[in-house]
Structure formats: C-alpha cells, structure tokens
Amino acid sequence: IHRLIDWCLRARSVPASFDTHMLCAIVLTWCFTSSSRPIRDRATKALTTILLVHPGIYGELLTLFEGVDDLYVLERLIGAAYGACCIDPAPERLRSYAEWSAACVFADEVPPAHHFVRRYARSIVEYAEHLGVLPSNFDQQKCLPPYGSEVPDFHICDEDIKSLADAAGDSAIRDSCIGHFGDFGIYTINWAVSSFTNVSLSSPPPLSQRQQYERFVEEEIVTDELGDAIEHLWSLLHGQIQLDLGGLTADETLDANEEDDAANESVWLEEVENALAIVVRQLNEDQIARFFEDAAPWLGLVDNSSAQESIPRLDVESVKRWVARRAYDLGWDSGYFGNESRSRYDGSRSRPLVERIGKKYQWLALSELLCRLGDNFWVNDGFERGARKYDLPLDLGVGRDVDPTILPSSSPAMESSI
C-alpha cells in the first residue's frame, strides 16, 4: 500500500494512462476505510494528485462507491476532490465537480450524516459559484443547512448500553464514551457538543443574559429618568473595583488593612441598594418581576457564576449514551474484530495514529450526531450574543483532520510528515 501511495503522490511527474490511474484511485479510495490515520491521510493526498492529472476519475469513483455505507470513504473522496479544485480551479473542473458532488450529497431529502461530507461538497459548490461557473439552473439552496435530519432520541439508559456491549462481546466502546474515565466522552464528545442548546429550531432562539437585558430596556424603559437610574446602577455594579480601591494606588491597596476594605465594601453596597431602590420605585409589580428575571443577571445583581444558565444546554450524559449506542449499532462485534482494545493501543489523551475499529465507529457516530444536532437545535453563539443556526463545523470548533489542498514536496522528509 505504501509503495502504491508513494507512486501516486508523484502522479503529476510520472506519465501513466487513465486506466492505470483509475485502478490506483480505486485502491486509494478503499484505503479511506482504514483506521490508520497516516494511511488515510496520505491516500487522500495521493488521490488529490491523481485527480489533478485526470479530473474525470472523480465522477467515476462517485459512481463506483455509491453504495458504500462507510462515510469515511465518501468524506475523503470528496475531500480529495475539494483539494484538487483548490489547487487547480479550472472552470470545467469546478463546474463538473460541483454538479457531481451536489448530485451525490444533496440530491436526496437528507444528505449523508457526516459533517465533513456535507462541508466538502458544499465548499466545492460555493467555490464554483464564487468563480461564476455554476450552471444557471443550479439550485444552490439545497446545499445549505439545515438539511432535515431526524431529531436524535436521547432516551437511552446505562442498562441499554450495557446490553449492547454484552451482545457485542466487548465493552471498549461503552467504557470510552461513558463514565468518569471515558476518554472519548470526556475529551471529545463533551467539547464537540458544548455549543449546542437543547432548544429546537422550531422554537424562538434562546436569549443570552445580555439580550434579555437589552430586550427589557427596549420594552420597559419609557422615561429618561428610569433610563438614567438604570445607567447609574450599571455604573455602580461594574465600577465596583474602582470603588473598592478608593483612589489608592495598587501598592497602597495591597497594604490596606481589612477594616478599610470592609468599609469600602459597605459604602459601595449602600450606594447600590439606594440606586436599586430608585429603579424599583419607578416600576409596577409586573415590571419589577421582569426586571429581576431579565435584567438583574446581566447587571450583576446575581452571581453569574452560580446563576442558572440563561441558555439551556444538552444533557451531555445522554449525548454520550447516544454516541455509544450508535457506535454499537454500526456493527462493531468481537466476532469480527476480536479483542482489539487489548492489543496495541495506549491510554494517551492524544488521538493515536492507528485507532481501534471501535473508535472509528465512535467518530462516525459522533459525526452523525453533530449533523442531527445542527439540523434541529440552536447553537449557542457566546455569552453575550445568544443563539444562531448551525452553518459550518468551525461553528463548533471542529476543524478538518487533514488538509487536502497541500500536497507533499518531492523531499522524503516532507512526504513522511503527512
């Protein structure tokens, strides 16, 4: 395999027929099923190189691998095509690759549930549109999210996962996803889904504390006097550090005794209470209730570190169980793969170069989950900005694990670093 990959990486400088490169491309595409990251990454760049020489091979491969249900294959196949488009954005290549990719990924009502399959295909289409080579009748809207995936069912208990692990003959997937020592659950799933809310796209977007405060001000502040009172309260609450220092320098403050600190704090608290009383006197009963619900958290009248999160999040433990169940459902079984978890894999937190097959299934399950979440739930856009719809994997902090747009040089050191 390595000899074939090395030869294909030099395809632009070694003459060969279309049929020869086609046969090589088929083998390279099957390499994408591997759980060896170096093989998969080098094969991706090798296929990009072949597509630069024979662009038509991409369409042939999409047809040949149409029925393969391992989305590792389609992800890297379209990724290699994307790399070729970036390196050689010839109009005919971009036009045909955009049409082929869209037909493969976006023709059905719901695209394949892999976030980088969708992203690579969409990127090719958008690059073609940017350069003005898409056909006039091309429906680019179908390439944009949300895509209509089913809402994931998180009603899964630990006993369900234990039963699946027992039936599969190994608990490595379960142990990796669930529990206090589950590396994949702690370091990968937690982080990957942390941006999602549990609010459906069919509902209004949840508001951040700042947005709730701004809405209160816009709808309830009807007099200049009330507006000035709230601004004064804000300046007191957010000027606490300056008030506490009492005009002293940093060194002098460090030397101040506890009695002075307590006195400063007492003065500040009294000023805040008086300012708050001025605001409350100008509100009716309903407005007071809304003030403490919508405005107080952002003003700082409650401790934001202990206050209930204004934007509701997913139950991460339920998410972990969903990923574990889906990984088992993909077909992992000790009868096929043996006790792979007890072979050559270590317990490092870093993603290993060669992963067990069960870990590959976990990555596929997580990618499917991210697609389903992105199609159905609002994404938290930060402490101040509230929520928005999912658009790109980078919205979740998920970047590509290979760059097909950069091919190795002819130097052995460069090739070995892919």
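A polar contact is a pair of N or O atoms within 3.5 Å; within protein, one must be able to donate a hydrogen and the other to accept it, and residues adjacent in sequence count only if both atoms are side-chain atoms. This is a predicted model, in which local features need pLDDT of at least 70 and side-chain atom pairs count only at pLDDT 80 or more, while totals for chains, interfaces and linings use all residues. Residues are numbered from 1 along each chain as its sequence is written, and side-chain values use heavy atoms, with hydrogens and water left out.

**View 1. Thr-197 in strand S1 (residues 196-200).** Helices (H or I, at least four residues) and strands (E, at least two) are DSSP runs, numbered from the N terminus. A polar atom of the Thr-197 side chain lies 3.1 Å from the backbone nitrogen of Val-199. Thr-197 has a relative accessible area of 0% and is therefore buried (buried means under 20% relative accessible area, exposed over 50%, partly exposed in between; 1.4 Å probe, protein chains only). Not counting residues up to four places away in sequence, Thr-197 touches residues including Pro-206, Ile-311, Leu-314 and Trp-378 (contact means heavy atoms within 4.5 Å). Trp-378 is 181 residues from Thr-197 along the chain, yet their C-alpha atoms are separated by 5.6 Å.

**View 2. Ser-36 in the loop between helix H2 (18-31) and helix H3 (37-53).** Ser-36 counts as buried because its relative accessibility is 11%. Beyond its neighbours within four places in sequence, Ser-36 is in contact with Leu-353 and Val-354.

**View 3. The salt bridge between Arg-215 and Asp-294.** A salt bridge is a side-chain nitrogen of Lys or Arg within 4 Å of a carboxyl oxygen of Asp or Glu. The N to O distance for Arg-215 and Asp-294 is 3.6 Å. The pair links distant parts of the chain, with Arg-215 in helix H11 (residues 209-220) and Asp-294 in helix H16 (residues 285-299), 79 residues apart. Arg-215 is partly exposed at 33% relative accessibility, whereas Asp-294 is buried at 7%.

**View 4. A network of salt bridges.**

**View 5. The salt bridge between Glu-126 and Arg-119.** The closest N and O atoms of this pair are 3.5 Å apart. Glu-126 is partly exposed at 24% relative accessibility, and Arg-119 is partly exposed at 22%.
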